[in-house]
Amino acid sequence: MTVSLPLVVVLGFFAWGAVNYLGVRTWIVVLIALFGFWLSHTFLAPAIESGTRSGVDVINGSHD
């Protein structure tokens, strides 16, 4: 059985765990999320997306 989860759901789960179990302050999570949002509107966004896709492909294995 294969389950497909969007990366944002996985990252949200880790953020929730960090706030609840590691004692990370909520404002830090919000600040990091805003930084990611603003970073997505820069010239670095295509390189970040390509690197993320490559990393996910490496973890999942190639299905070519």
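## A close look

Reply: Arg53 counts as exposed, because its relative accessibility is 55%. Exposed means over 50% relative accessible area, buried under 20%, and partly exposed in between (1.4 Å probe, protein chains only). This is a predicted model, where local features need pLDDT of at least 70 and side-chain atom pairs pLDDT 80 or more, while totals for chains, interfaces and linings use all residues. Residues are numbered from 1 along each chain as its sequence is written, and side-chain values use heavy atoms, without hydrogens and water.

The partner of Arg53 is Glu49: their side chains meet in a salt bridge, at 3.0 Å from N to O. That term asks for a side-chain nitrogen of Lys or Arg within 4 Å of a carboxyl oxygen of Asp or Glu. The structure holds one salt bridge. Glu49 has a relative accessible area of 44%, so Glu49 is partly exposed.

Where does the pair sit? Both Arg53 and Glu49 lie in helix H3, which covers residues 45-60. Four residues separate them, about one turn of the helix.

Now step back to the chain. Three helices and zero strands make it up (DSSP runs: H or I of at least four residues for helices, E of at least two for strands, numbered from the N terminus). Along the sequence the pattern reads α-α-α. The C-alpha trace spans about 40 × 35 × 15 Å along its principal axes. Of the 64 residues in the chain, 5% are buried.

Look at helix H1 too. Helix H1 covers residues 7-21 and holds Trp16. Trp16 is partly exposed, because its relative accessibility is 46%.
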